[in-house]
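Subject: Structure for you to look over

Hello,

I am passing on the structure we talked about, and my notes follow below it. Please read them with the model open.

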Amino acid sequence: MCTNITIRTDVEGSAKGAQGWFRVDTAHVSFDHPFHAPFDHTLNIDLVNERDAATPRVALELSPVAARALAVNILRALEEGAAEAGIELEPAMAAEGAN
Amino acid sequence: MCVGYTGLSAETVQIQGFNGDTIEAYYATPPGDGPFPGVVVIHHMPGWDEWTCEVVRKLAHHGYRAISPHLYSRAGIGDADDMAAKVRAMGGVSDEQAMGDIEAGARYLRAQTGSNDKVGCVGFCSGGRHAYLAAALVPGLDAAVDCWGGGVIVTDPAHLSPQRPVAPIEYTDRIGCPLLGIFGNEDRNPTAEQVNETEAALKRDGKTYEFYRYDGAGHGFFATDRAGYRPEQAVEAWGKVWAFYDRYLR
């Protein structure tokens with residue numbers, strides 16, 4: 001099914017694509033049919049620089065199981081690393097809303 | 001020996017879509033002078049992908065001229081998947097724009113020398129929803145095939161949007177051509193209950209339609225590059241498509 005589920009998040013950081021590193025300001029997370037991955041549905045992440053439309057995106061299409069595992073491990077690494085570095089993480093920000 | 005039009009040709013062409021915009025489209029034709037019927041192929045939400053182009057060529061193999069307008073052409077220049085990602089982030093294309101692009105595809109097919117002046121459409125997933133809409137809103141279509149179009153029925157108003165302001169089921173009484181529906185009984189969008197409800201609306205309004213439902217199949221069971229591919233059901237359902245088009249487009 002085509003879900004129309006797309007959630008936008010403001011982000012700060014960099015990503016590396018086919019043309020090298022670039023700044024990213026937005027992540028779009030969606031759940032839909034993939035373009036490439038051999039699954040019926042995937043969790044898709046697009047990292048983009050919306051201020052520079054010419055910048056290519058960095059894209060991921062992950063199986064639902066893999067996406068969940070990745071999300072868990074992102075939080076695990078983040079919390080362990082922040083604790084070691086003495087960084088206080090703000091409460092998780094709610095998604096800004098689905099498009 | 002492969003049965004069909006094995007010498008087909010295919011290319012990307014430019015057509016004048018909604019609002020006069022120039023958009024790209026993938027076109028395939030059997031060899032010869034015709035007369036040939038035409039089919040507009042409506043891609044699904046992930047975009048104008050390789051499988052969509054395979055369907056265009058499959059139709060040509062079976063003796064139809066086929067064209068698939070790239071509904072995301074306006075998203076800029078780039079790979080089809082990147083353009084789909086841009087459109088996805090914007091909430092999709094509007095139904096009005098999609099109908100204009102589908103109508104443009106039909107116009108292109110009829111303008112080709114050797115056209116028999118009959119044009120149908122087929123859409124998959126979100127394109128199936130577009131096919132249902134096109135049957136009602138695109139003038140002059142001779143047949144429409146909705147393959148598992150989700151969102152034809154909208155029960156939660158939150159699922160309507162500026163791009164999709166009206167549930168397609170609301171346009172049922174305006175459907176002006178025969179409609180073929182292909183569905184998997186294990187699909188969750190549309191569910192079997194929603195398919196029944198859509199059929200009831202078509203029956204109520206006296207429309208010409210055929211609905212076929214397949215056990216053991218879910219969503220997108222034609223897609224040969226996906227885990228949901230169901231060869232037995234897909235082969236049988238493609239046979240329903242050919243019979244339907246033979247009846248209404250030749």
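How many residues does helix H5 of chain B have, and how far does the helix reach from its first C-alpha to its last? Before the answer, one caution: this is a predicted model. H5(B) covers residues 192-204, has 13 residues and reaches 18 Å, close to the 18 Å expected at 1.5 Å a residue.

Helix H5 of chain B

The buried residues of H5(B) are Val195(B), Thr198(B) and Leu202(B). Seen down the helix axis, these buried residues fall within an arc of 65 degrees, so they line one face of H5(B). That buried set packs against E7 and strand E8 (209-214) of chain B. The other side of H5(B) carries exposed residues, namely Glu193(B), Ala200(B), Lys203(B) and Arg204(B). After the helix comes Gly206(B), with a positive phi near 70 degrees.

Helix H6 of chain B

H6(B) can be described in the same terms. This helix spans residues 231-249, and its 19 residues reach 26 Å from first C-alpha to last, close to the 27 Å expected at 1.5 Å a residue. Its buried residues are Gln233(B), Ala237(B), Val241(B), Phe244(B), Tyr245(B) and Leu249(B). Viewed down the axis of H6(B), they fall within an arc of 105 degrees, so they line one face of the helix. The elements they pack against are E3, E5, E6, E7 and E8 of chain B. On the face turned away from the buried side, H6(B) has the exposed residues Pro231(B), Glu232(B), Val235(B), Gly239(B), Ala243(B) and Arg247(B).

Strand E6 of chain B and its partners

Which strands are joined to E6(B) by bridges? One is E5(B) (residues 115-124), which runs parallel to E6(B) and is joined to it by five bridges. In this pair, Val122(B) stands opposite Val145(B). Another is E7(B) (residues 179-184), also parallel to E6(B), with four bridges between them. Here Ala144(B) has Leu179(B) as its bridge partner. The path from E5(B) to E6(B) includes helix H4(B) (residues 126-137), and the three elements make a right-handed β-α-β unit.

Backbone points to check in chain B

There are cis peptide bonds to look at. Gly34(B) and Pro35(B) are joined by one, with omega about 5 degrees. Pro35(B) sits in the loop between strand E2 (22-29) and strand E3 (36-42) of chain B. Asn189(B) and Pro190(B) are joined by another, with omega about 15 degrees. The loop that holds Pro190(B) lies between E7 and H5 of chain B.

Positive phi values also occur in residues other than glycine. Asn19(B) has a phi of about 65 degrees and is found in the loop between strand E1 (9-16) and E2 of chain B. With 11 C-beta neighbours inside 10 Å, Asn19(B) counts as exposed. Asp117(B) has a phi near 75 degrees, but its place is in strand E5 of chain B. Asp117(B) is exposed too, with 12 other C-beta atoms within 10 Å; the cut-off for exposed is 12 or fewer.

Chain A has one helix and four strands, in the order β-β-β-β-α along the sequence. Of its 99 residues, 19% are buried. Among the contacts in chain A with a separation of 6 or more, 42% are between residues 24 or more positions apart.

Regards

How values were computed
Residues numbered from 1 in each chain as written. Chains lettered and ligands numbered in written order. Predicted model: local features only at pLDDT ≥ 70, side-chain atom pairs only at ≥ 80, totals over all residues. Helix = DSSP H or I, 4+ residues; strand = E, 2+ residues; numbered from the N terminus. Buried ≥ 20, exposed ≤ 12 C-beta atoms within 10 Å, placed from the backbone. Contact = placed C-beta atoms within 7 Å. Pairing = 2+ DSSP bridges. Right-handed = clockwise from strand over helix to strand, strands pointing away. Expected span 1.5 Å × (residues − 1). Arc of directions from axis to C-beta.
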